[in-house]
Amino acid sequence: KIKNERLISNEEVGDIHVISSELHGIGISGDIIPNIIDEIPILSIAASFAKGETLITDAEELRVKESDRLQAISDGLQKINIHHELFHDGIKIIGSSEDISVMAEIDSHGDHRIAMSFLIASLRSKKGIYVEDCKNILTSFPNFIEVMSSLGISAGVHPPCAGSAAIPGGRDQRPSRLHRAAIPSRHSGVHGRSRLGPARSFPCR
């Protein structure tokens with residue numbers, strides 16, 4: 001449900017009221033693709049936990065964004081064991097109701113949308129997801145860490161790791177490993193506990 005619809009910088013915006021439900025796979029193609037091209041990485045994460053297949057086509061523009069986003073999505077999904085098939089202009093994702101059971105390391109290729117999408121995927125992770133090269137998040141979404149904190153993920157710089165953020169995740173009140181993002185050290189000294197589980201340290205790499 002969309003509330004408070006308005007124009008900002010000549011673009012239609014609004015507040016989306018969301019109620020949780022079981023996700024189902026969908027097909028996305030055609031004229032809508034240019035309007036949601038930047039949302040496809042996070043839609044791919046949602047599709048990974050939806051019931052059935054999601055097929056995205058006509059999205060070859062993703063090959064020439066900040067990274068080859070189709071390939072980056074595919075590489076990340078492979079790391080978290082999500083069945084999928086990559087095409088030249090899209091991707092087919094087979095959703096799963098299971099949590100992510102592996103401890104994955106994701107290369108964001110310096111792409112803020114890939115980085116944020118797979119950090120959000122950590123909410124369905126049992127053992128943790130490490131996302132590298134995330135400094136561009138602070139340019140595109142300066143409040144990302146604060147928003148993540150509102151979802152139960154506390155963030156702060158792990159002391160020996162200058163320029164990295166330690167983000168504990170997981171769900172269902174289970175402790176999880178820390179998730180690492182290469183974020184500038186203006187967050188230095190920020191620590192805390194997640195209501196989803198206590199933060200724990202890990203060796204720098």
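A: Happy to: let's start with Met116, which counts as buried because its relative accessibility is 10%; buried means under 20% relative accessible area, exposed over 50%, and partly exposed in between (1.4 Å probe, protein chains only). Before going on, please keep in mind that this is a predicted model, in which local features need pLDDT of at least 70 and side-chain atom pairs count only at pLDDT 80 or more, while totals for chains, interfaces and linings use all residues. Residues are numbered from 1 along each chain as its sequence is written, and side-chain values use heavy atoms, with hydrogens and water left out.

Met116 sits in helix α4; helices (H or I, at least four residues) and strands (E, at least two) are DSSP runs numbered from the N terminus. Leaving aside residues up to four places away in sequence, Met116 touches Ile137, Ser140, Phe141 and Phe144, where a contact means heavy atoms within 4.5 Å. Phe144 is 28 residues from Met116 along the chain, yet their C-alpha atoms are separated by 8.2 Å.

Helix α4 (112–121) also leads us to the largest pocket: along with β1 (2–8), β2 (11–16), α2 (40–48) and α6 (144–150), α4 supplies at least two residues of the lining. The volume of this pocket is about 1700 Å³, and of its 48 lining residues, Val18, Ile42, Leu43, Ala46 and Ile120 are the closest to the centre. A pocket here is an open set of points on a 1 Å grid over the protein atoms alone, where a 1.4 Å probe fits, with protein on both sides within 12 Å along at least five of seven lines; lining residues have an atom within 4 Å of a point. Grid points are joined across faces, edges and corners, and the volume is the space filled by probe spheres set on the points. The lining has 25 nonpolar, 10 polar and 13 charged residues, with Ala, Val, Leu, Ile, Met, Phe, Trp, Tyr, Cys and Pro taken as nonpolar, Asp, Glu, Lys and Arg as charged, and the others, Gly among them, as polar.

How far can you rely on this? The chain averages a pLDDT of 76, and 74% of the residues score at least 70; pLDDT is the predictor's confidence in each residue, from 0 to 100. Over residues 156–205 pLDDT stays under 50, although the model has 136 contacts beyond four places in sequence for them. Where pLDDT is low, the predicted coordinates should not be read in detail.
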